[in-house]
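Visitor: I have a structure to go through with you. Can we take it piece by piece?

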Amino acid sequence: MKRINALTIAGTDPSGGAGIQADLKTFSALGAYGCSVITALVAQNTRGVQSVYRVEPDFVAAQLDSVLGDVRIDTTKIGMLAETDIVEAVAERLQRYRVQNVVLDTVMLAKSGDPLLSPSAVSTLRTRLLPLVSIITPNLPEAAALLEAPHARTEKEMLEQGRALLAMGCGAVLMKGGHLEDSQSPDWLIDRDGERRFTAPRIQTKNTHGTGCTLSAALAALRPRHDDWAQTVQEAKSWLSAALARADSLEVGQGNGPVHHFHAWW
């Protein structure tokens, strides 16, 4: 079987639970070879974000040229993009190199509430990047920001917003329902083949740092092995549920710790 080469385009997390570090761990845990392009250096830990140093857009573009001009990339995850010019640089390179299987994690806020995307970049992400990607994975606040609409409070509203996002031109939408007040965490996959609901019990742990990064990276790592997004989402969610269930076995930080990316190995 051909080895999968996966690329992550995102910011860093020196505590290792989110961002580039979480993506590379996820790729490795799921049997993909990981490459990376860094968009921002983020001073953060399990308690929050302390500082962000944005990489110059020209240097983000140079990193993309280095990787895409040399390595066969089978699948790509995009995370934190920070500002408008970086969104533009990434969109231009996706078109130039005809990058396939692109998962966009619409990162706008850290779990601590700290902003990770400038307000001006939201419009650029909506108009320039969404039509180029295979799937987006917004949580409910992110979906509301993209649509300039109120936060969805019910699954019916989730579906309506997911359909509106699909109409913006992306290949599929995975609406994440973790912000709903429910005993289960429902997600909806919406694409041009239909709509499918996924549920998983809420796992009682405070160690959820990097959950969104990890899920989107898992989708990217697994997509080349499956015929459609439904199979990919099912496997990625099962793997992430196990990583959450084992998160308390780690001893990382004093705040919201990371999920256990290597639960199947350690």
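Visitor: Which residue does Arg93 form a salt bridge with?
Guide: Asp65. This is a predicted model, and in it the closest N and O atoms of the two are 2.9 Å apart. Arg93 lies in helix α3 and Asp65 in helix α2, so the bridge ties together parts that are 28 residues apart in sequence.

Visitor: Is Arg93 buried or partly exposed?
Guide: Buried, with a relative accessibility of 13%. The cut-off for buried is under 20%.

Visitor: And Asp65, buried or partly exposed?
Guide: Partly exposed, at 24% relative accessibility.

Visitor: How many salt bridges does the count come to?
Guide: The count is 11 salt bridges.

Visitor: Give me one from another part of the chain. What does Arg197 pair with?
Guide: Arg197 forms a salt bridge with Glu155, and their closest N and O atoms are 2.8 Å apart. The pair links distant parts of the chain: Arg197 sits in strand β9 and Glu155 in helix α6, 42 residues apart. Arg197 is partly exposed at 39% relative accessibility. Glu155 is also partly exposed, at 21%.

Visitor: Back to α2. How many residues does it have, and what length does it reach?
Guide: Helix α2 covers residues 57-68, which is 12 residues. It reaches 16 Å from its first C-alpha to its last, close to the 16 Å expected.

Visitor: Which residues of α2 are buried?
Guide: Pro57, Val60, Ala61, Gln63, Leu64, Val67 and Leu68. Seen down the axis of α2, these fall within an arc of 160°, so they line one face of the helix.

Visitor: Why would residues three or four places apart point the same way?
Guide: An α-helix has 3.6 residues a turn, so residues at that spacing point the same way.

Visitor: What do the buried residues of α2 pack against?
Guide: They pack against β1 (4-11), β2 (32-45) and α3 (84-97).

Visitor: Which residues on the other side of α2 are exposed?
Guide: Asp58, Phe59 and Ser66 are exposed there.

Visitor: Which way do the residues of β8 point?
Guide: Asp187, Leu189 and Asp191 point one way. Trp188 and Ile190 point the other way. In a regular strand the side chains alternate between the two faces of the sheet.

Visitor: In what sense do β7 and β8 pair?
Guide: Antiparallel, over 5 bridges. Strand β7 spans residues 172-176. One of its residues, Val173, has Ile190 in β8 as its bridge partner.

Visitor: And β8 with β9, over how many bridges?
Guide: That pairing has 5 bridges and is antiparallel, with β9 at residues 194-198. Ile190 stands opposite Glu195 in β9.

Visitor: What joins β8 to β9?
Guide: A hairpin, through 2 residues.

Visitor: Now a charge without a partner. What is the nearest side chain of opposite charge to Arg126?
Guide: Glu148, 4.1 Å away. Arg126 is buried yet has no salt bridge. The cut-off for a salt bridge is within 4 Å, from a side-chain nitrogen to a carboxyl oxygen.

Visitor: Where is Arg126 placed, and what is it in contact with?
Guide: Arg126 is in helix α4, residues 119-129. Leaving aside neighbours within four places in sequence, Arg126 is in contact with Pro131, Ala145, Leu146, Glu148 and Met168.

Visitor: Last one. Where does Ser120 lie?
Guide: Ser120 lies in helix α4 too. It counts as partly exposed, at 49% relative accessibility.

Visitor: How many residues apart in sequence are Ser120 and Thr84?
Guide: They are 36 residues apart in sequence, and 6.4 Å apart in space, C-alpha to C-alpha.

Definitions and conventions: Residues numbered from 1 in each chain as written. Predicted model: local features only at pLDDT ≥ 70, side-chain atom pairs only at ≥ 80, totals over all residues. Heavy atoms only, no water. Buried < 20%, exposed > 50% of the residue type's maximum accessible area, 1.4 Å probe, protein only. Helix = DSSP H or I, 4+ residues; strand = E, 2+ residues; numbered from the N terminus. Pairing = 2+ DSSP bridges. Expected span 1.5 Å × (residues − 1). Arc of directions from axis to C-beta. Contact = heavy atoms within 4.5 Å. Lys, Arg positive; Asp, Glu negative; His and termini not counted.
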